[in-house]
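Subject: Handing over a structure

Hello,

Here is the structure I promised to pass on to you. Please open it first, and then read on for a tour of what turned up in it.

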Amino acid sequence: MIVVILRERYFAFALKVVDVIVRFKRATEKMFLSWEKWGKPEGDIALEKMVSRFPRYLDHPSGSVRCGAGWYPLVWDLCTAIEAMEHLAMPRIGHFKAEERLGGLFVRIESGSHIVKELARDTEHKAAAICSECGAPGSLQLGHGFAKTLCPAHAKKRKPQKAKPVPISAELAAREPMLLFLDTEFTDFDYPQLISLALVSESGEIYYAELANGWSPEGCSQFVTANVLPQLTGGDFFQERSYAKRRLAEWVSSLAVPVRVVCDAPGFDWVLMVDLLGDTFPKNLYPAPIHYYSESFPGLFELLQKAHAEAYNEFPPHHALHDAEALREAWEVMKEHLHPAILKQYLKL
Ligand SMILES: [Zn+2]
């Protein structure tokens, strides 16, 4: 117990010493070096600026930073402290990695120094109380498929809003809706930000957009970086979020009949689509999607797998438009096999 207490005191003291060294270093840099180039900027820090200031720690392949901009000042301070200690003859650190994961900041530094490890731990703890988007005081926010440390303003803004349960209007209820098969690609499961969205109607009309903003390559999981980003079509499909939103609302409205979305991951696809539509939710769109749940029909599993595989003969998966088309193919197969009375009930779920 005493050892633990002494250890804690030692580290607390060591961190204070490092702090003094950093302050001294900053003051001398301010006097002798161009502050523009070397000093920590006030307010927002651009990632490129931080990486070019500490290339040996943060640039590939010796290191990497993958977190929200709100945490960049913490990373900057950590790098300043390590640099100061290296100037005081501490052996150079090895690989450096700062990564946002499951709502927290994980800092891994290859170093034999206990002080460096303690500095990293201290940075991680500070991050748990700071909005990773803007640097304001924050706390852990949880949602469906979502964990992130955010300030109240960003928690409200960035969390995809669930569809409000709206009673179906008489117009919508009057006739069978046309189905729209939906698929989306998004940054990662912890903090899904929409990258691309596709809708394919039963009669073959298509909406497809890739978003130019609202997400960043740094926020993508390894899987998405390897399998989704290389497949993006680009060109005219690459659109500002506000433009894609307007086009989506117009496209759905232009179908001029009641429509209902089918998707296989409503917790993501539907939530992200509703989030994109925001205040422009079309009147002819059903307020809840149909969950295509192939696992419910083990008897159809092989056939559905085959339909999926055939759909991917031409293109690999993980492109929203191809996935939406594959979903439509699989749905057709399912429709052929289900009893009409069962299908009717399925469509009412
Ligand atoms: Zn914030």
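Before the metal site, one term: donors are N, O and S atoms within 2.8 Å of the metal, and water is not among the atoms, so sites may look incomplete. Please also keep in mind that this is a predicted model.

**The zinc site**

The zinc ion takes its protein donors from Cys131 (SG), Cys134 (SG), Cys151 (SG) and His154 (ND1), at 2.0 to 2.3 Å. What geometry do the four donor atoms make around the zinc ion? The arrangement is tetrahedral, because the angles they subtend are 102 to 113°. Along the chain, the donors are spaced as C-x2-C-x16-C-x2-H. Two of them, Cys131 and His154, link distant parts of the chain and are 23 residues apart. Cys131 sits in the loop between helix 6 (114-127) and strand 4 (139-143), while His154 belongs to helix 7 (residues 152-158). Are these two buried or exposed? With a relative accessibility of 0%, Cys131 counts as buried, and His154, at 16%, counts as buried too.

Next, have a look at strand 1 (residues 63-66) and strand 2 (residues 96-101), which pair in the parallel sense over four bridges. Gly63 stands opposite Phe96 in this pairing, and Ser64 stands opposite Lys97. Strands 2 and 3 form a hairpin with two residues between them, and in the turn Leu102 has a positive phi of about 50°.

Phe96 comes up again in the largest nonpolar core, which has 37 residues. Met50, Leu58, Val65, Phe96 and Ile109 are the members that touch the most others. Several elements supply at least two residues each to this core, including helix 1 (2-32), helix 3 (47-53), strand 2 and strand 3. Which element gives the most to this core? That is helix 5, with ten residues. Beyond its neighbours within four places in sequence, Phe96 is in contact with residues including Tyr57, Leu58, Val75, Leu78, Ile82 and Ile109. Another core, of 33 residues, lies apart from this one, with Leu194, Cys220, Val261 and Leu277 among its members.

Strand 11 pairs with strand 10 (residues 259-263) in the parallel sense over two bridges. Cys263 has His291 as its bridge partner in strand 11.

Why can helix 11 (residues 269-277) be called largely enclosed by the rest of the structure? Because eight of its nine residues are buried. Trp270, Leu272, Met273 and Leu277 are among the buried ones. The buried residues of helix 11 pack against strand 6 (178-186), strand 7 (194-201), helix 10 (241-254) and strand 10. Gly278 follows helix 11 and has a positive phi, near 50°.

**Some backbone details in the loops**

- The peptide bond from His60 to Pro61 is cis, with omega near 0°, and Pro61 lies in the loop between helix 4 and strand 1.
- Ala89, in the loop between helix 5 and strand 2, has a positive phi near 75° although it is not a glycine. Ala89 is exposed, with a relative accessible area of 70%.
- Ala256, in the loop between helix 10 and strand 10, likewise has a positive phi, near 60°. At 62% relative accessibility, Ala256 counts as exposed.

One last stop is Tyr312, in the loop between helix 12 (301-311) and helix 13 (320-337). Leaving aside neighbours within four places in sequence, Tyr312 is in contact with Pro317, His322, Asp323 and Ala326. From Tyr312 to Arg53 there are 259 residues in sequence and 46 Å in space, C-alpha to C-alpha.

Enjoy exploring!

Best wishes

How values were computed:
Residues are numbered from 1 along each chain as its sequence is written. This is a predicted model: local features need pLDDT of at least 70, side-chain atom pairs count only at pLDDT 80 or more; totals for chains, interfaces and linings use all residues. Side-chain values use heavy atoms; hydrogens and water are left out. Donors are N, O and S atoms within 2.8 Å of the metal (3.2 Å for Na, K and Ca); water is not among the atoms, so sites may look incomplete. Four donors count as tetrahedral if all angles lie between 85 and 135 degrees; four count as square planar and six as octahedral if opposite donors are over 155 degrees apart and all others between 65 and 115; anything else is irregular. Buried means under 20% relative accessible area, exposed over 50%, partly exposed in between (1.4 Å probe, protein chains only). Two strands pair if DSSP finds at least two bridges between them. A nonpolar core is a set of buried Ala, Val, Leu, Ile, Met, Phe, Trp, Tyr and Cys residues joined through side-chain atoms within 4.5 Å. Contact means heavy atoms within 4.5 Å.
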